[in-house]
Amino acid sequence: MNAATKAGAAKGWSDEQLAVRVAFELEHGSCVNLGIGLPTTVALHVPHGREIIFHSENGLIGMGPAPAPGQEDPDIVNAGKKPVTLIVGAAIVHQADSFSLIRGGRLDVSILGGLQVSARGDLANWKVPGAQGVGGVGGAMDLAAGAKKVFVMMRHLDKRGAAKLVETCTFPLTATTCVTTVFTDFGVIDCRDGGFVVRELAPGISAAEMSAATGAPVRFAGETRADQQTNGDTRNAIR
C-alpha cells in the first residue's frame with residue numbers, strides 16, 4: 001500500500017456522502033436504474049423538488065426507498081430481493097417489458113457497482129477471478145450496454161489497496177466502452193477520449209493522491225493532453 005493510499009483512507013467521501021453526490025448528478029425527470037448494493041442508497045438522497053423515476057429490472061418502474069422496519073411487503077422487492085416501496089403512479093410490469101425498456105434505449109442512467117473500470121470505459125462488475133459460488137453476469141450486461149449513461153459507484157481502491165480504475169480490466173467484463181462517469185470516495189472521474197478525466201476531487205484528496213491511487217494516467221478537467229505530458233511525470237512518480 002503506498003503513501004497516497006494510507007493518506008486517502010481517512011479522507012474523501014463516506015458511502016453516504018458518495019450517494020448524495022451521485023444523486024445530485026441525476027437530472028429532473030430521469031428514468032434511472034439502481035444496481036445492487038451501494039447504488040441502492042442513491043434513492044435516499046435525491047435533492048428536494050427533483051423527480052427521479054427509479055427502475056428495477058425485475059419489473060418495477062417508480063421504485064421508492066426501503067420501507068420502515070416492520071412495513072416490508074414480500075411482494076415488493078428490488079432485483080437484489082431487498083424490500084422497497086413504490087411511489088405514487090408506479091407500475092409493476094412483466095420482466096420482459098422491463099428489459100425492453102433497457103434494451104430499447106429508454107433508460108436515462110444506469111448506476112452500477114464496479115470491481116474494475118478501464119481507461120476506455122470497460123466495466124467489470126460481476127466476478128472476481130477464482131471466486132467460488134459466483135453466478136452469471138445476469139442483467140448487468142443489459143444495463144451497461146442499454147442505458148444512455150452508465151454511472152459506476154464504488155470505492156477507489158479494493159480491500160487490498162489496489163486500484164480499481166485501471167488501464168485494462170483483468171476481471172471478466174460486463175460490457176465494453178460503456179462507462180460514462182465513475183464516482184468514488186476520491187472524486188468524480190469521467191471516461192472520455194480513451195482515458196480518465198478527473199472532474200471533481202473529494203474533500204481532502206489532492207491531485208497527486210488521485211493520480212497515485214489510479215492504475216492508469218489521469219487528466220484533470222481543463223487540462224489538455226499536452227498539459228498531461230508536461231505535468232504527468234511529477235504526479236505519476238508518486239504511484
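## The enclosed space

A cavity, as the word is used here, is a set of grid points where a 1.4 Å probe fits but cannot get out. In this predicted model, the largest cavity holds about 50 Å³ of space, and the structure has one cavity of 30 Å³ or more.

The residues that line the largest cavity are Leu 34, Gly 35, Ile 36, Thr 40, Ser 56, Glu 57, Met 63, Asn 78, Ala 79 and Gly 80. Sorted by class, this lining consists of four nonpolar, five polar and one charged residues.

## The chain as a whole

Six helices and 13 strands make up the helix and strand count of the protein chain. Of its 239 residues, 46% are buried. When contacts between residues at least 6 apart in sequence are considered, 61% of them join residues at least 24 apart.

## The sheet

An open sheet is formed by 10 strands, which follow one another in the order E4-E3-E2-E1-E5-E8-E10-E11-E12-E13, with mixed pairing. At its edges stand strand E4 (85-92) and strand E13 (218-220), each of which pairs on one side only. On average, and with direction ignored, neighbouring strands of this sheet are turned by 30 degrees against each other.

In general, the strands of a sheet pair through backbone hydrogen bonds, either parallel or antiparallel. Strand E2 (residues 53-56) and strand E3 (residues 60-64) run antiparallel and are joined by two bridges. Ser 56 stands opposite Leu 60 in E3, and Ser 56 is also one of the residues that line the largest cavity.

## Helices against the sheet

Helix H2 (residues 15-25) lies across strand E5 (109-112), strand E8 (149-153), strand E10 (181-184), strand E11 (187-192) and strand E12 (195-201), and runs at about 150 degrees to E10. Within H2, the residues Leu 18, Ala 19, Arg 21, Val 22 and Ala 23 are buried, and what covers the buried residues of this helix includes E5, E8, E10, E11 and E12.

Another helix, H3 (residues 95-103), lies across strand E1 (31-34), E2 and E3, where it runs at about 120 degrees to E2.

The largest pocket contains about 970 Å³ of space. It is lined by 43 residues, of which Gly 113, Gly 114, Leu 115, Met 154 and Lys 164 are the closest to its centre. Helix H1 (3-8) and helix H4 (140-146) each contribute at least two residues to the lining of the largest pocket, and by class this lining divides into 21 nonpolar, 14 polar and eight charged residues.

The second largest pocket has a volume of about 190 Å³. Its lining comprises 13 residues, and those nearest its centre are Thr 40, Thr 41, Ala 66, Asn 78 and Val 84; by class, the lining of the second largest pocket has eight nonpolar, four polar and one charged residues.

## Two loop residues with positive phi

Lys 81 is found in the loop between E3 and E4, and its phi is near 65 degrees, a positive value in a residue other than glycine. Lys 81 counts as exposed because its relative accessibility is 72%, where exposed means over 50%.

Thr 177 has its place in the loop between strand E9 (165-166) and E10. Although Thr 177 is not a glycine, this residue has a positive phi of about 40 degrees.

Definitions and conventions
Residues are numbered from 1 along each chain as its sequence is written. This is a predicted model: local features need pLDDT of at least 70, side-chain atom pairs count only at pLDDT 80 or more; totals for chains, interfaces and linings use all residues. Side-chain values use heavy atoms; hydrogens and water are left out. Two strands pair if DSSP finds at least two bridges between them. Helices (H or I, at least four residues) and strands (E, at least two) are DSSP runs, numbered from the N terminus. Axes are lines fitted to C-alpha atoms, for helices over the stretch in contact, and angles run from 0 to 180 degrees between N-to-C directions. Contact means heavy atoms within 4.5 Å. On a 1 Å grid over the protein atoms alone, a cavity is a set of points where a 1.4 Å probe fits but cannot get out, and a pocket is an open set with protein on both sides within 12 Å along at least five of seven lines; lining residues have an atom within 4 Å of a point. Grid points are joined across faces, edges and corners, and a volume is the space filled by probe spheres set on the points. Ala, Val, Leu, Ile, Met, Phe, Trp, Tyr, Cys and Pro count as nonpolar, Asp, Glu, Lys and Arg as charged, and the others, Gly among them, as polar. Buried means under 20% relative accessible area, exposed over 50%, partly exposed in between (1.4 Å probe, protein chains only).
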